[in-house]
Amino acid sequence: MRITLRGCPPSLNQFAGRETSWDYRKAKAYWTQLVWATCRASKERPAAPLQLADVEIMYYFPTKTRHDADNYAGKFLLDGLTKAGVIVDDDMAHIRLHVAGGYDKRQPRTIITVREAEEC
(Lines give C-alpha, C1' and ligand atoms only; values in the text may rest on other atoms or scores of the structure.)
Protein backbone atom coordinates (compact mmCIF):
# COMPACT_ATOMS: atom_id res chain seq x y z
CA MET A 1 0.00 0.00 0.00
CA ARG A 2 1.24 3.45 -0.84
CA ILE A 3 -0.32 6.79 0.07
CA THR A 4 0.79 10.32 -0.67
CA LEU A 5 -0.03 13.24 1.61
CA ARG A 6 0.34 16.89 0.69
CA GLY A 7 3.00 18.56 2.85
CA CYS A 8 5.09 17.26 5.74
CA PRO A 9 4.12 16.95 9.39
CA PRO A 10 5.90 19.23 11.85
CA SER A 11 9.16 18.22 13.50
CA LEU A 12 8.77 16.89 17.03
CA ASN A 13 11.33 19.54 18.04
CA GLN A 14 8.61 22.09 17.42
CA PHE A 15 6.86 20.78 20.54
CA ALA A 16 9.74 19.58 22.76
CA GLY A 17 10.27 21.43 26.02
CA ARG A 18 7.66 24.04 25.26
CA GLU A 19 4.24 24.75 26.65
CA THR A 20 2.57 23.84 23.40
CA SER A 21 0.54 20.80 24.39
CA TRP A 22 -2.54 22.15 22.59
CA ASP A 23 -0.52 22.75 19.44
CA TYR A 24 0.87 19.21 19.70
CA ARG A 25 -2.59 17.71 20.15
CA LYS A 26 -3.96 19.71 17.24
CA ALA A 27 -1.12 18.64 14.91
CA LYS A 28 -1.36 15.01 16.04
CA ALA A 29 -5.12 14.93 15.50
CA TYR A 30 -4.81 16.54 12.06
CA TRP A 31 -2.09 14.22 10.72
CA THR A 32 -3.52 11.07 12.32
CA GLN A 33 -6.93 11.82 10.82
CA LEU A 34 -5.43 12.66 7.43
CA VAL A 35 -3.60 9.32 7.28
CA TRP A 36 -6.69 7.46 8.50
CA ALA A 37 -8.96 9.05 5.89
CA THR A 38 -6.45 8.55 3.06
CA CYS A 39 -5.95 4.90 3.99
CA ARG A 40 -9.67 4.25 4.30
CA ALA A 41 -10.20 5.66 0.78
CA SER A 42 -7.37 3.61 -0.72
CA LYS A 43 -8.17 0.53 -2.79
CA GLU A 44 -4.76 -0.84 -1.76
CA ARG A 45 -5.68 -1.02 1.94
CA PRO A 46 -5.21 -4.58 3.24
CA ALA A 47 -8.34 -6.51 4.17
CA ALA A 48 -6.95 -7.15 7.65
CA PRO A 49 -4.27 -5.31 9.64
CA LEU A 50 -0.75 -6.51 8.85
CA GLN A 51 0.81 -8.40 11.74
CA LEU A 52 4.35 -7.52 10.63
CA ALA A 53 4.95 -4.66 8.22
CA ASP A 54 7.77 -2.74 6.61
CA VAL A 55 6.80 0.92 6.79
CA GLU A 56 8.74 3.44 4.73
CA ILE A 57 8.15 7.15 5.20
CA MET A 58 9.65 9.44 2.58
CA TYR A 59 9.45 13.17 3.22
CA TYR A 60 9.93 15.72 0.45
CA PHE A 61 10.57 19.01 2.24
CA PRO A 62 10.02 22.43 0.64
CA THR A 63 13.46 23.63 1.76
CA LYS A 64 16.97 22.22 1.89
CA THR A 65 17.16 22.93 5.62
CA ARG A 66 18.75 20.15 7.65
CA HIS A 67 16.14 17.71 9.05
CA ASP A 68 17.03 15.16 11.75
CA ALA A 69 15.47 11.77 11.05
CA ASP A 70 14.61 11.19 14.72
CA ASN A 71 12.42 14.30 14.72
CA TYR A 72 10.45 12.85 11.81
CA ALA A 73 10.07 9.27 13.05
CA GLY A 74 6.42 9.32 12.02
CA LYS A 75 4.54 9.34 15.34
CA PHE A 76 1.44 11.01 13.93
CA LEU A 77 1.56 8.98 10.71
CA LEU A 78 1.98 5.59 12.38
CA ASP A 79 -0.93 6.30 14.69
CA GLY A 80 -3.05 6.95 11.60
CA LEU A 81 -2.00 3.62 10.03
CA THR A 82 -2.98 1.82 13.22
CA LYS A 83 -6.30 3.66 13.49
CA ALA A 84 -7.09 2.83 9.84
CA GLY A 85 -6.46 -0.87 10.41
CA VAL A 86 -3.49 -1.06 8.05
CA ILE A 87 -1.11 -2.30 10.75
CA VAL A 88 -1.90 -4.10 14.02
CA ASP A 89 0.20 -1.72 16.10
CA ASP A 90 3.09 0.67 15.67
CA ASP A 91 5.33 -1.01 18.23
CA MET A 92 8.62 -2.64 17.29
CA ALA A 93 7.12 -6.13 17.42
CA HIS A 94 4.82 -5.26 14.49
CA ILE A 95 6.70 -2.82 12.24
CA ARG A 96 10.10 -2.17 10.76
CA LEU A 97 10.43 1.54 10.14
CA HIS A 98 12.47 3.25 7.42
CA VAL A 99 12.62 7.06 7.27
CA ALA A 100 14.20 9.15 4.52
CA GLY A 101 13.99 12.68 3.25
CA GLY A 102 14.40 14.66 0.08
CA TYR A 103 13.75 18.08 -1.36
CA ASP A 104 10.94 19.28 -3.60
CA LYS A 105 10.24 23.00 -3.46
CA ARG A 106 7.25 22.81 -5.79
CA GLN A 107 5.49 19.80 -4.33
CA PRO A 108 6.36 19.06 -0.68
CA ARG A 109 4.77 15.79 0.33
CA THR A 110 4.96 12.71 2.47
CA ILE A 111 4.82 9.26 0.92
CA ILE A 112 4.06 6.28 3.15
CA THR A 113 4.64 2.80 1.78
CA VAL A 114 3.49 -0.22 3.78
CA ARG A 115 4.38 -3.78 2.80
CA GLU A 116 3.78 -7.05 4.55
CA ALA A 117 7.09 -8.17 6.05
CA GLU A 118 8.44 -11.66 6.43
CA GLU A 119 9.80 -12.95 9.70
CA CYS A 120 13.58 -12.70 10.07
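Axes here are lines fitted to C-alpha atoms, for helices over the stretch in contact, and angles run from 0 to 180 degrees between N-to-C directions. With angles taken in that way, helix H1 runs at about 135° to strand S1 and lies across S1 and S4. The model described here is a predicted one.

**Sheet**

The sheet is open and holds 4 strands, in the order S1-S4-S2-S3, with mixed pairing. Strand S3, residues 95-103, is an edge strand, as is S1, and each of these pairs on one side only. From one strand to the next the twist averages 15°. Strands of a sheet pair through backbone hydrogen bonds, either parallel or antiparallel. For S2 and S3 the sense is parallel, and the pairing extends over 9 bridges. Within this part of the sheet, Ile 57 has Val 99 in S3 as its bridge partner.

**Nonpolar core**

The largest nonpolar core has 25 residues, and the members that touch the most others are Val 55, Leu 81, Ile 112 and Val 114. At least two residues of this core come from each of S1 (2-6), H1 (21-41), S2 (53-61), H2 (75-83) and S4 (109-116). The most is given by S2, which supplies 5 residues.

Ile 112 can be followed through its contacts. Setting aside residues up to four places away in sequence, Ile 112 touches Met 1, Arg 2, Ile 3 and Leu 5, together with Val 35, Val 55, Glu 56, Leu 77 and Leu 81.

**Aromatic rings and charges over them**

The whole structure contains 7 aromatic pairs.

| Pair | Centre to centre | Angle between planes | Class |
|---|---|---|---|
| Tyr 59 and Phe 61 | 5.6 Å | 25° | stacked |
| Phe 61 and Tyr 72 | 5.0 Å | 70° | edge-to-face |

Planes over 60 degrees apart count as edge-to-face, so the 70° between the planes of Phe 61 and Tyr 72 places that pair in this class. Phe 61 belongs to strand S2 and Tyr 72 to the loop between S2 and H2, so their pair ties together parts that are 11 residues apart in sequence. Tyr 59 and Phe 61 are both buried, and Tyr 72 is buried as well.

Elsewhere, Phe 15, Tyr 24 and Phe 76 make up one aromatic cluster. Two tryptophan rings have a charged side chain over the face: Arg 25 lies over Trp 22, at 4.6 Å from the ring centre, and Lys 83 lies over Trp 36, at 5.7 Å from the ring centre.

**Two asparagines in loops**

Asn 71 is located in the loop between S2 and H2. Residues under 20% relative accessible area count as buried, so Asn 71, at 12%, is buried. Apart from neighbours within four places in sequence, Asn 71 is in contact with Pro 10, Ser 11, Leu 12 and Asn 13.

Asn 13, one of these contacts, sits in the loop between S1 and H1. Its relative accessibility is 40%, so Asn 13 counts as partly exposed. Between the C-alpha atoms of Asn 13 and Trp 31 the distance is 16 Å, and the two residues are 18 apart in sequence.

Technical notes: Residues numbered from 1 in each chain as written. Predicted model: local features only at pLDDT ≥ 70, side-chain atom pairs only at ≥ 80, totals over all residues. Heavy atoms only, no water. Core = buried A, V, L, I, M, F, W, Y, C linked by side-chain atoms within 4.5 Å. Buried < 20%, exposed > 50% of the residue type's maximum accessible area, 1.4 Å probe, protein only. Contact = heavy atoms within 4.5 Å. Phe/Tyr/Trp six-rings, centres within 6.5 Å; stacked < 30°, edge-to-face > 60°. Lys NZ or Arg CZ within 6 Å of the ring centre and 35° of its normal. Pairing = 2+ DSSP bridges.
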